[in-house]
Amino acid sequence: MTYIHDTIEQLQQTSPAQTEFYQAVEDVLESLEPILEQHPKYREQAIIARLVEPERQIMFRVPWLDDNGQVHVNKGYRVEFNSALGPYKGGLRFHPSVNGSIIKFLGFEQIFKNALTGLPIGGGKGGANFDPKGKSDAEIMRFCQSFMSELFRHIGPRTDVPAGDIGVGTRELGYLFGQYKRLANTFDGVLTGKGLAWGGSLVRKEATGFGCVYFANYMMADRDEELEGKRCAVSGSGNVAIYTMEKLYELGAKPVTCSDSSGTIYHQAGIDLDLVKRLKEQQHARLEKYLETHSDAEYTPREDYPENGHQVWRYEVDLAFPCATQNEVTQNDIECLLENGCLGIAEGANMPLTEAAFDTVQQSSIAYGPGKAANAGGVATSQLEMAQNASMQRWTFEQVDERLKQVMKNIYRDISHTAEEYGKPRNLVLGANIAGFKRVADAMLEQGLV
């Protein structure tokens, strides 16, 4: 459509060299044609043009000292994209790959993901091109304190509530929160994913992975399939991947792969989850050490991957759970999954499929749960943490998990019904994009030209 071309062309002029951002925008806009034709008011009020431009973009330098007294400077970001439904909400990512394009694509996706939860939260994202790997605790503390010394003036429990993401776990959040509390002179729920002793919520650590599996369960049940007995490929070995595997086991499925930046493990008998937790959460070791305990497993180092994709998707499995990072699944990976009889994909990561891979999935009959729906459990539980902080209460694990399960059920129901309403049954991408867009766009119209 002309509006897609014009929008991308305009973004290329105002936000040059931001390919991931263009990809995210195009993926959403291509789904919106039916609702834009049905409701001209969205075009007349330039909702698309207003949605693709953040309400506020903050960039700042982050100077810090290493343990040898050497000065380093990184770049920090916070993109506050849309507050029509509530305070900005979205994680902070510390990784060398972080740049303006990645932060904006993540923030744009966050608008619709947060809208789908039905909770009162807007969309935002942030981070820095800082790599916590190989850094001492003291170095990470100094970096986090420097980062928060600028960020604190832009956030607040009813303004912008960051959370963790890649490279930002409980340790980093602790240092960030401590510096915020020191500067702002207040103890409030300005960050989520906090430690349990100082305002965190049970289930928050597990939420994205658990939610992704709950979503996959609803998606497969709608096709008269069960998770029980299914062999599953999972990428990554971080928080999302670990708790995706844990919930798969709880529901009777069997994860047989996981990966890190150095290679892929395939274990036909099923991934030893306790071992992966020890290697990654306690020892911070490479997955190659998995073989020291399980000689019957296979390990493929990154340098031996297929030229056209990722080893983790090259096995016979029933379901695939990309849980690592953006654009990790290529067109050839999808073709291999389809040839091996894969029934469905549920995205634990944000935009893990390349454009060509996404197109191939859309042309197939495979069940497909897009990230903005399937991995919304993390931000949903973050909002539940905000609610507990505001009321100064602590809910039980079972209470939070039950609320998470209900949120994921509601998301699946809403996007499935929306897809049917617009004549594309089972097209959960279209359903998610339209359902999320409609909630945000209607709120924007009611709040006037702001």
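The largest cavity in this predicted model is lined by 14 residues, and those lying nearest its centre are Asp27, Glu109, Glu347, Tyr368 and Lys372. A cavity here is a set of points, on a 1 Å grid over the protein atoms alone, where a 1.4 Å probe fits but cannot get out, and lining residues have an atom within 4 Å of a point. The space in the largest cavity amounts to about 150 Å³, a volume being the space filled by probe spheres set on the points, which are joined across faces, edges and corners. Helix H14 (371–374) and helix H17 (428–446) are the elements that give two or more residues to this lining; helices are DSSP runs (H or I, at least four residues) numbered from the N terminus. By class, the lining holds 7 nonpolar, 3 polar and 4 charged residues, where Ala, Val, Leu, Ile, Met, Phe, Trp, Tyr, Cys and Pro count as nonpolar, Asp, Glu, Lys and Arg as charged, and the others, Gly among them, as polar.

The count comes to 2 cavities of 30 Å³ or more.

Helix packing can be followed in two pairs. The axes of H7 (residues 137–151) and H8 (residues 170–184) come within 8 Å and cross at roughly 45 degrees; axes are lines fitted to C-alpha atoms over the stretch in contact, and angles run from 0 to 180 degrees between N-to-C directions. H7 is therefore oblique to H8, since angles under 35 degrees count as roughly parallel, over 145 as roughly antiparallel, 65 to 115 as roughly perpendicular and the rest as oblique. Residues of H7, including Ile140, Met141, Cys144 and Phe147, meet residues of H8, including Tyr175, Leu176, Gln179 and Leu183, contact meaning heavy atoms within 4.5 Å. This contact has 9 nonpolar, 3 polar and 3 charged residues.

In the second pair, H10 (residues 239–250) and H11 (residues 273–282) pack at an angle of about 165 degrees with their axes 11 Å apart, and are therefore roughly antiparallel. Ile242, Tyr243, Met245, Glu246 and Tyr249 of H10 make the contact with Leu273, Val276, Lys277, Lys280 and Glu281 of H11. By class, 6 of these residues are nonpolar, none is polar and 4 are charged.

Residues are numbered from 1 along each chain as its sequence is written, and side-chain values use heavy atoms, with hydrogens and water left out. Local features need pLDDT of at least 70 and side-chain atom pairs count only at pLDDT 80 or more, whereas totals for chains, interfaces and linings use all residues.

How values were computed: On a 1 Å grid over the protein atoms alone, a cavity is a set of points where a 1.4 Å probe fits but cannot get out, and a pocket is an open set with protein on both sides within 12 Å along at least five of seven lines; lining residues have an atom within 4 Å of a point.
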